[in-house]
Amino acid sequence: MSNLEKIVKWLGTTSYEGVVLGRRDNFKWITEENANAVVTNGEVGIAFLVIEKSGKVKMIADSSDCPRMSEEQNALGAECILAPWYETLDGFLADCCRGKKYASDTGISDTVYVQGELVDLRMQLSQKELERYREIGQECARIVENVAKDARPGQTENEVAAMLKCRCIEKGVSPDCVLVGSDDRILKYRHPVPTDKKIEKSLMVVLGGEKYGLNISMTRIVSYGKPDKEIAARMKKTQYIFASMQNMMEDGMAYNEYFRKVQKLYDEAGWPGEWKMHHQGGPTGYGCREFVVTPDTKGALREGQAYAWNPTIQGTKCEETTYLKDGRVEILTRTKDWPCTVVETEYGSLDVADILIVS
């Protein structure tokens with residue numbers, strides 16, 4: 001089933017006569033390939049898709065972009081409607097939807113805001129999306145791991161970040177989140193935005209990358225020389241929490257039940273309350289996190305979805321992008337070129353990335 005067929009089927013279960021999609025992430029999801037942007041730092045793009053219950057699709061874009069979008073970014077074969085650049089798209093959409101009950105992902109033109117329901121729809125990955133995820137998971141893992149291996153003391157965090165961004169762009173990956181921290185900055189900050197500080201004894205490299213609309217999240221840590229004993233001990237505990245978080249996932253398990261188990265893991269590790277210092281991740285896909293799971297999150301884990309959990313104890317973090325299917329977890333961001341340890345937990349064993357020690 002294509003993503004367009006999926007949304008038409010969903011419309012058939014609602015009272016809406018159609019749905020309007022303007023968010024860049026939903027545009028990539030529904031077209032399975034097209035980009036809806038000129039400027040790439042906004043959630044909403046420069047074109048809106050109007051999808052009717054019948055499956056008919058229209059695309060509304062202003063005169064600056066309508067011809068290009070019609071010819072180059074129109075996988076659905078939508079009828080394209082040109083709106084003069086000096087008039088608002090809101091007005092054109094209002095005319096299109098007038099007298100009808102339409103939903104949307106932005107609430108534009110008095111439509112019913114249904115982004116939450118659309119996220120639920122898009123989280124179930126097709127085989128095509130899974131294969132794409134495997135491809136970009138490996139690509140991003142190679143990029144991050146090679147950058148981490150190539151980095152050297154004396155380089156600045158910004159130099160390493162630039163290397164990571166360039167290698168991502170060369171492979172068609174959008175480096176949406178690049179964090180590079182070293183030494184005391186890893187201990188002090190959970191999100192070490194890169195600076196001109198020079199690397200001395202340790203390095204953390206984090207990537208949030210996107211390709212085909214799908215998002216990858218991963219972290220790698222390097223130690224130049226033997227790591228501090230306390231950091232090594234914390235890393236083992238973080239690895240145990242991470243392995244448990246992966247293996248304790250079950251189809252249908254309520255998110256609040258899952259999070260209670262996460263809290264217990266931190267308690268058992270001797271770090272009660274440490275989970276409060278950084279979010280623990282959540283389901284991923286067409287959003288870096290489709291939503292971040294909290295103690296009060298409603299809903300349940302489902303098979304056929306991707307997840308990006310990222311437990312952290314001060315100075316350490318484990319983070320991968322994974323896929324849950326048939327009661328098993330597939331790590332999408334794992335290569336054979338990074339040191340790992342098999343971690344045994346009450347929920348099963350898992351290979352978990354180690355700190356890379358560079359002598």
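## About the model

This is a predicted model, in which local features need pLDDT of at least 70 and side-chain atom pairs count only at pLDDT 80 or more, while totals for chains, interfaces and linings use all residues. Residues are numbered from 1 along each chain as its sequence is written, and side-chain values use heavy atoms, with hydrogens and water left out.

## The largest pocket

Let us begin with the largest pocket, which has a volume of about 820 Å³. Its lining is made of 29 residues, and those closest to the centre are Arg24, Asp25, Asp176, Glu210 and Asn215. (On a 1 Å grid over the protein atoms alone, a pocket is an open set of points with protein on both sides within 12 Å along at least five of seven lines, a cavity is a set where a 1.4 Å probe fits but cannot get out, and lining residues have an atom within 4 Å of a point. Grid points are joined across faces, edges and corners, and a volume is the space filled by probe spheres set on the points.)

Helix 2 (24-31), helix 5 (115-123), strand 7 (174-182) and strand 8 (202-211) each give two or more residues to this lining. Helices (H or I, at least four residues) and strands (E, at least two) are DSSP runs numbered from the N terminus. By class, the lining of the largest pocket holds twelve charged, ten polar and seven nonpolar residues. Here Ala, Val, Leu, Ile, Met, Phe, Trp, Tyr, Cys and Pro count as nonpolar, Asp, Glu, Lys and Arg as charged, and the others, Gly among them, as polar.

## The second largest pocket

The second largest pocket holds about 280 Å³ of space. Among its 17 lining residues, Asp183, Lys201, Ser202, Asp228 and Ile231 lie nearest the centre.

Helix 8 (184-188) and strand 9 (214-224) each supply at least two lining residues, and strand 9 gives the most, with four. The classes here are eight nonpolar, five charged and four polar.

## Two cavities

The largest has a volume of about 60 Å³, and its lining includes Thr219, Arg220, Ile221, Trp338 and Asp354. Strand 9 turns up again, giving the most to this lining with three residues. The lining of the largest cavity divides into six nonpolar, five charged and one polar.

The second largest cavity has a volume of about 50 Å³. Ile186, Tyr189, Arg190 and Met204 are among the residues that line it, as are Thr312 and Lys317. Strand 12 (312-313) and strand 13 (316-317) each give two or more residues to that lining. Its classes are four nonpolar, four polar and two charged.

## Helix 6 against helix 7

How do the axes of helix 6 (residues 127-150) and helix 7 (residues 157-170) cross? They come within 10 Å and cross at roughly 150 degrees. Helix 6 and helix 7 are therefore roughly antiparallel to each other (angles over 145 degrees count as such).

In helix 6, Ile143, Val144, Asn146, Val147 and Asp150 meet Val160, Met163, Leu164, Arg167 and Cys168 of helix 7, where contact means heavy atoms within 4.5 Å. By class, this contact has seven nonpolar, two charged and one polar residue.

Note on methods: Axes are lines fitted to C-alpha atoms, for helices over the stretch in contact, and angles run from 0 to 180 degrees between N-to-C directions. Angles under 35 degrees count as roughly parallel, over 145 as roughly antiparallel, 65 to 115 as roughly perpendicular and the rest as oblique.
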